[in-house]
Protein chains: 2
Amino acid sequence: MATGRTHRPATRSRGIPEATVARLPLYLRALTALSERSVPTVSSEELAAAAGVNSAKLRKDFSYLGSYGTRGVGYDVEYLVYQISRELGLTQDWPVVIVGIGNLGAALAGYGGFASRGFRVAALIDADPAMTGRPVAGIPVQHSDDLEKIIAEDGVSIGVIATPAGVAQQVCDRLVAAGVTSILNFAPTVLSVPDGVDVRKVDLSIELQILAFHEQRKAGEEAGADSARPAAPVPPPAPRATAAPAADGGRKGPDGDVPAVMPA
Amino acid sequence: MATGRTHRPATRSRGIPEATVARLPLYLRALTALSERSVPTVSSEELAAAAGVNSAKLRKDFSYLGSYGTRGVGYDVEYLVYQISRELGLTQDWPVVIVGIGNLGAALAGYGGFASRGFRVAALIDADPAMTGRPVAGIPVQHSDDLEKIIAEDGVSIGVIATPAGVAQQVCDRLVAAGVTSILNFAPTVLSVPDGVDVRKVDLSIELQILAFHEQRKAGEEAGADSARPAAPVPPPAPRATAAPAADGGRKGPDGDVPAVMPA
DNA sequence: ATGTCTTTGTGAACGCGTGCACAAAGATGG
DNA sequence: CCATCTTTGTGCACGCGTTCACAAAGACAT
């Protein structure tokens with residue numbers, strides 16, 4: 001799971017719960033597949049199975065959008081595809097910039113799932129002059145000096161950050177200052193942004209750590225009870241005299257995280 | 001946000017809530033950064049700010065692990081790093097295989113965040129014979145014919161799927177049959193797995209779609225009220241005579257999704 | 001030793017999300 | 001036109017997660 005929204009604590013935007021919004025793309029994908037097989041209608045049961053969710057949940061989700069089903073029959077596939085697309089804002093074109101063209105940035109640039117959903121890679125941006133002009137996935141990389149100009153000219157409102165963690169906040173600041181109001185962050189850092197800007201983050205290592213937790217549980221289910229096998233349990237240490245004030249200069253935050261996503 | 005667990009509906013594993021488990025890696029990252037700056041202790045307030053969460057939430061999260069703080073002082077950084085690492089199972093070595101070495105698979109193979117958290121890339125596997133033997137991120141790619149052998153020999157229990165959507169379920173089945181019990185799925189498909197196997201998925205395009213939803217809302221906040229600007233609202237269509245049975249052959253599911261993550 | 005000050009740990013209230021179960025709606029057949 | 005059958009849409013209850021607010025615990029100064 002890529003996690004967390006940032007601001008907008010629980011403000012269900014106009015009656016559509018966040019949890020529902022997060023599932024709409026799932027339904028859309030399943031519906032698109034059905035559409036390509038020319039299936040005219042689906043029941044909530046079938047569609048729920050295809051999307052991997054509960055059918056009651058799916059019906060309730062759709063009920064937030066309106067009454068688009070027909071009792072005794074199901075949902076019209078094409079119509080539902082359109083309605084969900086419209087609700088998600090995919091009927092319009094969304095120019096996107098990707099900043100940080102390392103391995104990950106390059107993978108994102110070539111990802112087919114974007115274009116097919118109305119997202120258009122407007123520009124690839126990297127700080128390395130050696131990258132400038134080199135085509136990645138058919139798009140020439142531009143230097144980060146031109147970041148503001150690119151965003152302004154193309155009217156970009158969505159930015160993807162695939163830089164090393166150390167520079168992610170700076171990049172974020174520049175994107176926001178230039179007019180970007182939605183950011184997808186792949187750098188392992190907590191970004192701070194002003195109100196009105198949405199941030200979603202994807203941290204690959206976090207997902208693995210969650211899996212490891214469950215894996216460990218499965219392994220230790222019927223084994224050694226609780227005795228610490230590793231060497232040093234380290235008893236609760238004697239606290240130092242003065243608590244470190246940890247004078248953090250403003251909001252620069254914990255940028256210097258260990259590994260960078262990409263050496264860019 | 002990478003989303004969703006699959007099975008184990010809400011079974012809080014041994015008293016630690018899922019939501020808390022999902023945040024532990026976040027705390028660990030912030031603590032590691034502090035540790036590298038040789039900060040001896042942190043208050044819940046400071047650490048919460050660094051991790052981007054509420055301080056009360058953080059304290060409650062830690063309370064599930066035990067009473068590791070000192071009132072009036074805060075938490076000992078090193079000790080907490082150790083405790084969280086142990087809880088997440090990061091004190092042991094986790095061999096991981098990555099299947100599907102396209103752009104994304106290659107990016108994952110070179111991702112520094114894995115090794116530093118106790119994850120070791122045991123093998124890279126791809127179905128393309130042309131890839132076999134070629135080193136990616138210093139690790140030679142092996143052919144998928146040897147998948148079962150590799151998993152058995154290395155005792156791999158965690159698999160990463162970065163293949164095109166069309167083959168993800170087959171790959172998943174082979175991984176599970178070979179003994180893998182945790183899967184991180186990057187392919188845009190719903191994987192079906194037997195009980196006891198954990199699946200987490202990361203869908204890049206879903207994250208963007210969620211951002212687009214909020215972006216659209218922000219844009220249309222004070223504009224045209226509800227009148228559909230796009231061309232075809234498509235009135236609720238006249239339903240066909242017979243509902244399509246959509247005879248789905250078993251659980252193969254909606255594999256043929258539009259774009260593949262990687263042409264591998 | 002006593003008082004003050006800081007910070008943890010948690011009881012309790014609240015809100016969101018989920019899932020059950022069923023009534024209403026419509027299709028279909030006679 | 002009526003009966004039956006399917007499937008939606010939703011009222012309701014329950015449980016998890018979040019947040020507030022505060023008492024208890026310990027550090028520190030005098």
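Predicted model: local features only at pLDDT ≥ 70, side-chain atom pairs only at ≥ 80, totals over all residues.
Two strands pair if DSSP finds at least two bridges between them.

**Entry 1**

I began with strand E4 (residues 94-99) of chain B and looked up its neighbours. E4(B) is joined to strand E5 (residues 119-126) of chain B by six bridges, and the two run parallel. Within this pairing I found Leu124(B) of E5(B) opposite Ile98(B). I then turned to strand E8 (residues 158-161) of chain B, which pairs with E4(B) over four bridges, again in the parallel sense. Here Gly159(B) in E8(B) is the bridge partner of Val97(B).

**Entry 2: burial of E4**

Because six of the six residues of E4(B) are buried, I recorded the strand as largely enclosed by the rest of the structure.

**Entry 3: the sheet and the helices on it**

I next traced the whole sheet of chain B. It is open, has seven strands in the order E6-E7-E5-E4-E8-E9-E10, and its pairing is mixed. At the edges I found strand E6 (135-136) and strand E10 (198-201) of chain B, each pairing on one side only. A helix from chain A, H9 (residues 204-219), packs on this sheet and touches E4, E5, E8, strand E9 (182-185) and E10 of chain B. The direction of H9 of chain A makes about 165° with that of E9(B). From chain B, helix H8 (residues 165-178) lies across E4, E8 and E9, running at about 170° to E8(B).

**Entry 4: helices H1 and H4 of chain B**

I looked up how helix H1 (residues 18-36) of chain B meets helix H4 (residues 77-88) of chain B. Their axes come within 9 Å and cross at roughly 145°, and the crossing is left-handed. On the H1(B) side, the contact residues include Val21(B), Leu24(B), Leu28(B) and Leu31(B). On the H4(B) side, I listed among them Leu80(B), Val81(B), Ile84(B) and Leu88(B). By class, the residues of this contact divide into twelve nonpolar, three polar and two charged.

**Entry 5: an annotated span in chain A**

Last, I consulted the record for chain A. An unreviewed UniProt entry places the feature "DNA-binding region" at residues 26-65 of chain A. In the model, I found this span to be 75% helix and 5% strand, with its end C-alpha atoms 15 Å apart.

Note on methods. Residues numbered from 1 in each chain as written. Chains lettered and ligands numbered in written order. Heavy atoms only, no water. Axes fitted to C-alpha atoms, helices over the stretch in contact; angles between N-to-C directions. Left-handed = near helix turned anticlockwise from the far one by under 90°. Contact = heavy atoms within 4.5 Å. Nonpolar A, V, L, I, M, F, W, Y, C, P; charged D, E, K, R; others polar. Buried < 20%, exposed > 50% of the residue type's maximum accessible area, 1.4 Å probe, protein only. UniProt positions renumbered as here; feature names shortened; annotations may be inferred.
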